[in-house]
Amino acid sequence: MTCREFADFIMDYLAGELPADAREPFERHLSRCHNCHEYLAQYKSTVEAGRLAFQHPEEEVPADVPADLIKAVLAARK
Amino acid sequence: MQAHAGPPAAHGEDVSLVTRLRGGDDEAFELVVRTYSGRLLAVTRRILGNDEDARDAVQDAFLSAFRSLDRFEGGSLLSTWLHRIAVNAALMRLRTRRRKPEESIEHLLPVYKDDGHHQERFSSWTEPADVSMTRAENRALVRRCIDALPDTYRTVLVLRDIEELDTEETARALGISGNAVKIRLHRARQALRTLLAPHFRSAQS
């Protein structure tokens, strides 16, 4: 398996959806290719960072809402 | 996101608030708009990628919710119900707004040599994401990088990885095939990795 093929399989691998016949060569490549090992780690960190950028407990506090938006919504209802 | 976990049923206070809304109680409308605008704005903002469209979508969402109060059955929290309506309102705006010419994402994807090896040597990132993302400036940086992705890719990434819709739900919401969702999500994640790498890799390597 090449690094290019390895990268194509990353998403399915992480989702646990890689068929057994692709999983074995994928894991063999992972154990031998340091660069792909690093790429996979960064890919996982990227997904986690994206999620936490919005879902971190400190982000749960809603943004300030412009007063005119509240006014506009209430006016539009009438 | 709440849709998957078997959302908790509405609190008694949600039910009584909705009863007041159905009765046309002005104070109840104001309370709902003041309570939920901030959260809904955050949702529409991440789907649409700019403040102006996000605000319009919040307005659409409230009006649509107020028109369909009869359909709130108390099977979910009012916040969950409004969240779902806001996602739909944002997607509706996304579909109808004038399409910008699609930017290419190719320059953010990995480059390979003829033999299929990566051209780039990847050096480790200094910290795991759960540590680096404890800092507000890093969270803001990641949000800016997500906003920098072309629309087609940003929306799939937001719906799948942040709103946590599954492939089929995302496909339906965007009117594309499940396979297109998977391809776009993978490319969006790879592009985001490229954008984040200069900020997160260790200085010495």
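In the predicted model, the elements of chain B follow the order α-α-α-α-α-α-α-α-α from the N terminus. Chain B has 205 residues, of which 38% are classed as buried. Among contacts in chain B with a separation of 6 or more, 71% link residues 24 or more positions apart.

Two domains are assigned in chain B, domain 1 (12-96) and domain 2 (106-200). Their C-alpha centres are 28 Å apart. Contact between them involves six residues of domain 1 and eight residues of domain 2 of chain B. On the domain 1 side, helix 2 and helix 4 (78-96) of chain B are the elements that each supply two or more residues. Helix 4 of chain B makes the largest contribution to that side, with three residues. The composition of the domain 1 side is four nonpolar, one polar and one charged residues.

The interface with chain A brings 45 residues of chain B into contact with 35 residues of chain A. Elements of chain B that supply two or more residues to its side are helix 2 (26-48), helix 3 (51-67), helix 5 (129-132), helix 6 (136-147), helix 7 (151-162) and helix 9 (178-200). Of these, helix 2 of chain B provides the largest share, ten residues. By class, the chain B side comprises 24 nonpolar, eight polar and 13 charged residues.

The packing of nonpolar residues was examined next. In soluble globular proteins, nonpolar side chains tend to be buried together. The largest nonpolar core holds 55 residues, and those touching the most other members are B:Ala61, B:Leu82, B:Ala86, B:Ala90 and B:Leu157. Two or more residues of this core come from each of helix 3 (34-55) of chain A and helix 1 (12-22), helix 2, helix 3, helix 4, helix 6, helix 7 and helix 9 of chain B. Helix 4 of chain B contributes the most, with ten residues. Because domain 1 (12-96) and domain 2 (106-200) of chain B both give residues to this core, the core lies between them. Beyond residues up to four places away in sequence, B:Ala61 touches B:Leu40, B:Leu82, B:Ile85, B:Ala86 and B:Ala89. A second, separate core has nine residues, including A:Phe6, A:Ile10, A:Cys36 and A:Tyr39.

Helix 3 of chain A also packs against helix 7 of chain B, with axes that come within 10 Å and cross at roughly 80°. The two helices, helix 3 of chain A and helix 7 of chain B, are therefore roughly perpendicular to each other. The contact is formed by A:Val47, A:Gly50, A:Arg51 and A:Phe54 from helix 3 of chain A, and by B:Leu157, B:Asp161 and B:Ile162 from helix 7 of chain B. By class, four nonpolar, one polar and two charged residues make up this contact.

Within this helix pair, A:Gly50 is located in helix 3 of chain A. A:Gly50 counts as buried because 26 C-beta neighbours lie inside 10 Å, the threshold for burial being 20 or more. Apart from neighbours within four places in sequence, A:Gly50 contacts B:Val142, B:Ile146, B:Leu157, B:Asp161, B:Ile162 and B:Leu192. A:Pro66 is 16 residues from A:Gly50 along the chain, and the C-alpha atoms of the two are separated by 26 Å.

Two loop residues were also characterised. A:Glu59 is situated in the loop between helix 3 and helix 4 (67-77) of chain A. A:Glu59 has 17 C-beta neighbours inside 10 Å and therefore counts as partly exposed. With its neighbours within four places in sequence left aside, A:Glu59 is in contact with A:Phe54 and B:Arg139. In chain B, B:Glu164 belongs to the loop between helix 7 and helix 8 (167-174). B:Glu164 is likewise partly exposed, since 16 other C-beta atoms are within 10 Å. Most residues other than glycine have a negative phi. B:Glu164, although not a glycine, has a positive phi of about 60°.

Conventions: Residues are numbered from 1 along each chain as its sequence is written. Chains are lettered from A and ligands numbered from 1 in the order in which they are written. This is a predicted model: local features need pLDDT of at least 70, side-chain atom pairs count only at pLDDT 80 or more; totals for chains, interfaces and linings use all residues. Helices (H or I, at least four residues) and strands (E, at least two) are DSSP runs, numbered from the N terminus. A residue is buried if 20 or more other C-beta atoms lie within 10 Å of its own, exposed if 12 or fewer, and partly exposed in between; C-beta atoms are placed from the backbone. Two residues are in contact if their C-beta atoms, placed from the backbone, lie within 7 Å. Ala, Val, Leu, Ile, Met, Phe, Trp, Tyr, Cys and Pro count as nonpolar, Asp, Glu, Lys and Arg as charged, and the others, Gly among them, as polar. Domain bounds come from an automatic or database domain assignment. A nonpolar core is a set of buried Ala, Val, Leu, Ile, Met, Phe, Trp, Tyr and Cys residues joined through C-beta atoms within 7 Å. Axes are lines fitted to C-alpha atoms, for helices over the stretch in contact, and angles run from 0 to 180 degrees between N-to-C directions. Angles under 35 degrees count as roughly parallel, over 145 as roughly antiparallel, 65 to 115 as roughly perpendicular and the rest as oblique.
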